[in-house]
Amino acid sequence: MCNAILEAMACGVPVIATDIPNNQVFGDCIQRIEFENTDACVSAIDTLAHDIAGRLRLAQSARDEVEKKYDLVLATKRYADILFRKAG
């Protein structure tokens, strides 16, 4: 999982990222494009630049996803649960 993507999502920034397996976890909260497809990248940037409502929806969806799944309190609890299970 890419921290830079999570940080952008947390800031409410619309994200365009390649469609590699690690980015699948973000679902529809990011605009995924084919790896090494320059035309797809240009098209995605152009679409977000001109579709204000779509850009805002994507940004809000990303922010909501981070708040729901990656909240600091929830993440800390998950880590603690893992550590306690490993400790026996």
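This is a predicted model: local features need pLDDT of at least 70, side-chain atom pairs count only at pLDDT 80 or more; totals for chains, interfaces and linings use all residues.

User: Okay, what secondary structure does the protein have?

Analyst: There are four helices and two strands. Reading from the N terminus, the order is α-β-β-α-α-α.

User: And how does the radius of gyration of the protein compare with the globule rule?

Analyst: The radius of gyration is 16 Å, while the globule rule gives 12 Å for 88 residues, so the protein is more spread out than a compact globule. The C-alpha trace spans about 50 × 25 × 15 Å along the principal axes.

User: How much of the protein counts as buried?

Analyst: Of its 88 residues, 22% count as buried. The accessible surface comes to about 6300 Å², and carbon and sulfur atoms own 58% of that.

User: What share of the contacts comes from residues 24 or more positions apart?

Analyst: Taking the contacts with a separation of 6 or more, 45% are between residues 24 or more positions apart.

User: Switching to charges. How many positive and negative side chains are there?

Analyst: The protein has 10 positive and 13 negative side chains. The centres of those two sets lie 11 Å apart.

User: Let's look at a single residue. Where does Asn23 sit?

Analyst: Asn23 is in the loop between β1 (16–18) and β2 (31–33).

User: Is Asn23 buried or exposed?

Analyst: Buried: the relative accessible area of Asn23 is 5%, and the cut-off for buried is under 20%.

User: Which residues does Asn23 touch, leaving out those up to four places away in sequence?

Analyst: The contacts of Asn23 are Ile5, Ala17, Thr18, Ile30 and Arg32.

User: Arg32 is one I wanted to ask about anyway. Which residue does Arg32 form a salt bridge with?

Analyst: Arg32 pairs with Asp19, and their closest N and O atoms are 3.6 Å apart. Arg32 belongs to strand β2 and Asp19 to the loop between β1 and β2, so this pair ties together parts that are 13 residues apart in sequence.

User: How accessible are Arg32 and Asp19?

Analyst: Arg32 counts as partly exposed at 26% relative accessibility. Asp19 is also in the partly exposed class, at 38%.

User: How many salt bridges does a search of the whole structure find?

Analyst: Five. Another one links Arg63 to Glu67, with 2.7 Å between the closest N and O atoms. Those two residues are four apart in helix α3 (residues 52–69), so about one helical turn separates them.

Definitions and conventions: Residues are numbered from 1 along each chain as its sequence is written. Side-chain values use heavy atoms; hydrogens and water are left out. The radius of gyration is taken over C-alpha atoms; the globule rule is 2.2 Å times the number of residues to the power 0.38. Buried means under 20% relative accessible area, exposed over 50%, partly exposed in between (1.4 Å probe, protein chains only). Contact means heavy atoms within 4.5 Å. Accessible areas come from the Shrake-Rupley method with a 1.4 Å probe; for residues, only the protein chains shown count as cover. Lys and Arg count as positive and Asp and Glu as negative; His and the chain ends are not counted. The place of a charge is taken as NZ of Lys, CZ of Arg, CG of Asp or CD of Glu. A salt bridge is a side-chain nitrogen of Lys or Arg within 4 Å of a carboxyl oxygen of Asp or Glu.
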